[in-house]
Structure formats: structure tokens, C-alpha cells
Amino acid sequence: MEGCGLNAWHRQIYTSCSGLFPGLLLCLTVAAAARFLSEHYTAPQMLFALLLGMAFHFLAEEGKCVEGVEFSSKTILRFGVALLGMRLTIDDVLSLGWAPVGVIISGVGATIIVGILLSRLLGRRRRFGTLTGGAVAICGASAALAISSVLPKSKSSERDTIFTVIAVTALSTLAMILYPIVASLLGLDDRFAGIFLGGTIHDVAQVVGAGYAVSPEAGDIATITKLLRVSLLVPIVLIISLCFKTRGEGATSGFPLPLFVIGFCFCVGLNSLQIVPADIKDLLIQLSSWCLVTAIAALGIKTSLKDMLTIGYQPMLLITLETLFIAAWVLIGGTYLFS
């Protein structure tokens, strides 16, 4: 009897894995193609993953790929977000000084609040303002994915998430080109320029590109400042999760802190203690990147381009205004600090 039970368990695992494999292979293939194109054409890999994924939307509607695509868009996404913690240490954050840290933290909170208020003015739901505000304020596409996973679901949830990822990626790329010019025209020194670039540009890769385009010192400070914003993903996701549950708009049961947030904190702790060998740390960071691109590819596959065209002009206006707001906040705060 025990042997029969074990065989049944093995069959169940095999059935589950075989059901996931076609969709998972599809998402990984799209992710690999996106990374290849990004390396050869110097464009954001997240954007390539989205656009390539959308071309395979017909596979997400029915067939063998559905289960694996769903798994990639949820489970793999959360695993990748948790591993983002391997990029950050507590000492990195504290090295900025308390005043710049205060400007960045307050800017993140204010941007999310402004996003919620503007979304209401533009006739959108509070959920959408929270999603876009968080993506702009924290770390672009990664934040959009993490926040979306704890927001209440609706028919437009995945469409809103995909649109937010596309918009913040596009604006982040534009900012990478324009913001170093703005810093030069305003006569910002390397420290102020690094804080400005790291505190305003959405995605980590674009922050690095913009920062080191100014100077090595500006690049180092911009990267640390950006990682501070990434670290705020943990409390922001927790607060959002609790707020929507309290209002009865999300899940009402289960542990209040999402497991991937606990994983993120654990990874930050490990990295801060410097007990992870450098080779393993680099491997985990690369794995995180692969997971996030794979999840983006899955979301692209699940998204209908026809549905995207019905979203209207208000969301793009909303994300643009949020982007301008956080830029103004950091510039004004930095001017006060460095004057």
C-alpha cells in the first residue's frame, strides 16, 4: 500500500511538471530571445520580452501552454523579486547619509500618493494609481510586477500591469538620455547628479547607464541611491497588501506579509552579512534577472494587443505626471540639501 501511495505521488508530480513544461519552455525561449536582442541592439530587455510575448498571445488562450505561462507570470515572478535582495546591503543605503535618504524615502511615498490622487482625477481606479505610482517611485517594471501581485484582481489587471511596464520602461529609457543633459545644464556636481539620477530614473539598468555617463562617482552614487529605492519595495508592498485587505478589496485570509517579500528581506540580510561567496551571489543575481524577464514574457503572452489599444490616453498622462513629480521632488530636495 505504501508503494502504491508513493507511485501515485510520483505520477502526480510528473503530471504537474509535464503540464507546466510547454508554457514554461515558451516563456524561457521568449526571454532568451529578448536578452539576445537587448545585448545586440542596446535596448531594454524587458521591452523586448513584452513585445515578443504579445506575438504569442494566441497560445495563452487555450492549449498546452496555458498552465506554464500562468506559472511563469506568478511563481517565477515572485521568486525573481525575492532574489533582487542580493543586489543590496544595509551599508550601501546608510553610506548616502540620512538627509538624502529622507528625500528619497519621502519622494517615493509622495509619488504613490500623487499617483492615487491623479488616477481619481483622470477617472481611473485607485488600484491603477497605486500600481503606476509604485512603479515610478520604486524600480519600474520589477515594482510593477511585485505590486500587481498583491493588488486585487479584475478583468483589466494584467492589461494594466503590462501597460505600466511598457510605459515606465519607455520613460526610463528616455530619462537615461535626457537626465544627464539636465544635470549638466543645471550645473549639478557629481554627488547631486548621482542622487538625482538614482532617485528619479525608473529601472536599474538605465540608472547605471545614465550615472556612469556623467562620471564614475556619479555612477556609484546613482546606483546606491537606486538600490535604496529598490529596498523600499518591501515596506511598500506590505503596506499596499494590508491596505487593500483592510478595505476588503483583496484576499482576506493567509499570512499578511507575502512570502516573496520575506525572501527579499532574507536575501538583503545574507548580502549585508557578506556570507554568500561572490560567484554564488553573481549567479543568484543573474537568476533573478532571468526570472523577471521570463515573467515579463509570460505577461506579454497573456496580453492582447487589441485590449491594450482600448486603454486610453489617461494612463500615459498619469505615468508621465508621476515621473515629472518625482524628478521635481528630488531636484528641489537636493537643491535644499546641497545649497
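Residues 24 or more positions apart account for 80% of the contacts (heavy atoms within 4.5 Å) in the chain with a separation of 6 or more. The model is predicted, so local features need a pLDDT of at least 70 and side-chain atom pairs count only at pLDDT 80 or more, while totals for chains, interfaces and linings use all residues. Residues are numbered from 1 along each chain as its sequence is written, and side-chain values use heavy atoms, with hydrogens and water left out.

The secondary structure comprises 17 helices and 0 strands; these are DSSP runs numbered from the N terminus, with helices (H or I) of at least four residues and strands (E) of at least two. Of the 339 residues of the chain, 50% count as buried, that is, under 20% relative accessible area, with exposed meaning over 50% and partly exposed in between (1.4 Å probe, protein chains only).

Thr200 belongs to helix H10 (residues 190-200). Thr200 counts as buried because its relative accessible area is 1%. Tyr179, Arg229, Ile326, Ala327 and Val330 are touched by Thr200, not counting residues up to four places away in sequence. The side chain of Thr200 also reaches the backbone oxygen of Phe196 at 2.5 Å.

Ile181, by comparison, is found in helix H9 (residues 157-185). Ile181 is classed as partly exposed because its relative accessibility is 47%.

Confidence remains to be considered. The pLDDT, the predictor's confidence in each residue from 0 to 100, averages 81 over the chain, and 86% of the residues score at least 70. Over residues 250-256 the pLDDT is below 50, and this stretch has 12 contacts in the model beyond near neighbours in sequence. Where pLDDT is low, the predicted coordinates should not be read in detail.

How values were computed:
Polar contact = N/O pair within 3.5 Å; in protein donor to acceptor, adjacent residues only side chain to side chain.
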